[in-house]
Amino acid sequence: MPHREGGDPPPALSSTARTSHHRLKDQGRTERAALDAVLAAGFIAHLGLPAAGGVMVVPTVYGTDGAQLYLHGSVASQSLAADAAVCVTVTLVDGLVLARSVFEHAVNYRSAMIYGQPRIVTDPQEKLAGLRCVSEHVAPGQWDYTRQPSRKELAATRLLALDLGEASVKIRTGPPDDAGSPDAALGLWAGELPLESRWQQPVADPALPAGHPVPRHIQALAGTRAYQAPAGG
């Protein structure tokens with residue numbers, strides 16, 4: 001994180017027509033650190049963009065260098081043409097909010113939306129660095145452990161870079177909102193049902209020789225949260 005002088009306010013998120021919070025403003029976040037935290041905790045992004053005959057939304061892995069979001073795909077993928085404005089979303093579900101009425105039910109979540117027109121990364125050095133960001137975000141330590149991409153593989157891989165300058169973040173936490181309503185007298189249970197996703201034990205490729213050890217960086221993930229928990233979670 002960049003250094004800030006003692007009294008300086010933290011960097012803020014952009015405020016544009018697309019990123020300003022008009023509904024559920026209490027769930028909106030204005031600090032850039034909130035965006036960084038959601039991106040660090042997430043795993044899959046959904047890329048929304050115009051397509052022939054309408055709109056398409058494509059799930060993909062991603063990585064970030066703090067200034068740009070890198071999206072990985074194939075040169076054969078129409079979704080990575082980088083010739084139009086897009087919206088990329090990353091959403092984490094932290095639990096269900098079960099209220100006394102169906103109307104008040106909700107979801108505890110963290111979500112980021114990033115807007116802009118991506119560019120295709122063509123510089124070989126940036127492409128390698130961006131792919132490393134993606135690899136290390138998905139499986140930390142795997143980039144250095146495995147064989148590096150060949151020129152042929154790099155040519156078959158498309159990488160998009162999307163500036164993080166226009167983004168919006170919303171987060172909901174806590175119990176239902178109807179404790180002070182007439183529904184509280186119904187005598188019904190209400191509360192939160194937290195959701196947690198964890199990595200399980202590695203399963204070896206059957207083609208490996210018997211007894212081949214699991215790399216330490218992979219074994220270290222076993223039993224850990226698949227994505228980072230929110231502060232205090």
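How many of the 11 residues of S6 are buried?

## Strand S6 and its partners

In this predicted model, strand S6 is mostly covered, with eight of its 11 residues buried. S6 pairs with S5 in the antiparallel sense over 11 bridges, and Thr-91 stands opposite Ser-111 of S6. S6 also runs antiparallel to S9, to which six bridges join it; here Ile-114 has Ala-167 in S9 as its bridge partner.

## The nonpolar cores

The largest nonpolar core holds 22 residues, of which Leu-35, Leu-39, Leu-69, Leu-71, Val-88, Ile-114 and Val-169 touch the most other members. Two or more residues come from each of helix H1 (32–41) and strands S2 (44–51), S4 (68–74), S5 (86–98), S6 (106–116), S8 (157–163) and S9 (167–172), and H1 gives the most, with four residues. In soluble globular proteins, nonpolar side chains tend to be buried together.

Once neighbours within four places in sequence are left aside, Leu-71 is in contact with Ala-45, Leu-47, Thr-60, Val-61, Tyr-62, Val-88, Arg-158, Leu-159 and Leu-160.

## A nonpolar patch on the surface

A nonpolar patch on the surface is formed by Val-93, Leu-96, Val-107, Leu-193 and Leu-195, which together have about 390 Å² of accessible area. One of these residues, Leu-96, is found in strand S5, and Leu-96 counts as partly exposed because its relative accessibility is 38%, a value that lies between the cut-offs of 20% for buried and 50% for exposed.

Technical notes:
Residues are numbered from 1 along each chain as its sequence is written. This is a predicted model: local features need pLDDT of at least 70, side-chain atom pairs count only at pLDDT 80 or more; totals for chains, interfaces and linings use all residues. Side-chain values use heavy atoms; hydrogens and water are left out. A nonpolar core is a set of buried Ala, Val, Leu, Ile, Met, Phe, Trp, Tyr and Cys residues joined through side-chain atoms within 4.5 Å. Buried means under 20% relative accessible area, exposed over 50%, partly exposed in between (1.4 Å probe, protein chains only). Contact means heavy atoms within 4.5 Å. Patches are made of residues with over 30% relative accessible area and no salt bridge: like charges are joined within 9 Å, nonpolar side chains (Val, Leu, Ile, Met, Phe, Trp, Tyr) within 5 Å. Accessible areas come from the Shrake-Rupley method with a 1.4 Å probe; for residues, only the protein chains shown count as cover. A salt bridge is a side-chain nitrogen of Lys or Arg within 4 Å of a carboxyl oxygen of Asp or Glu. Two strands pair if DSSP finds at least two bridges between them.
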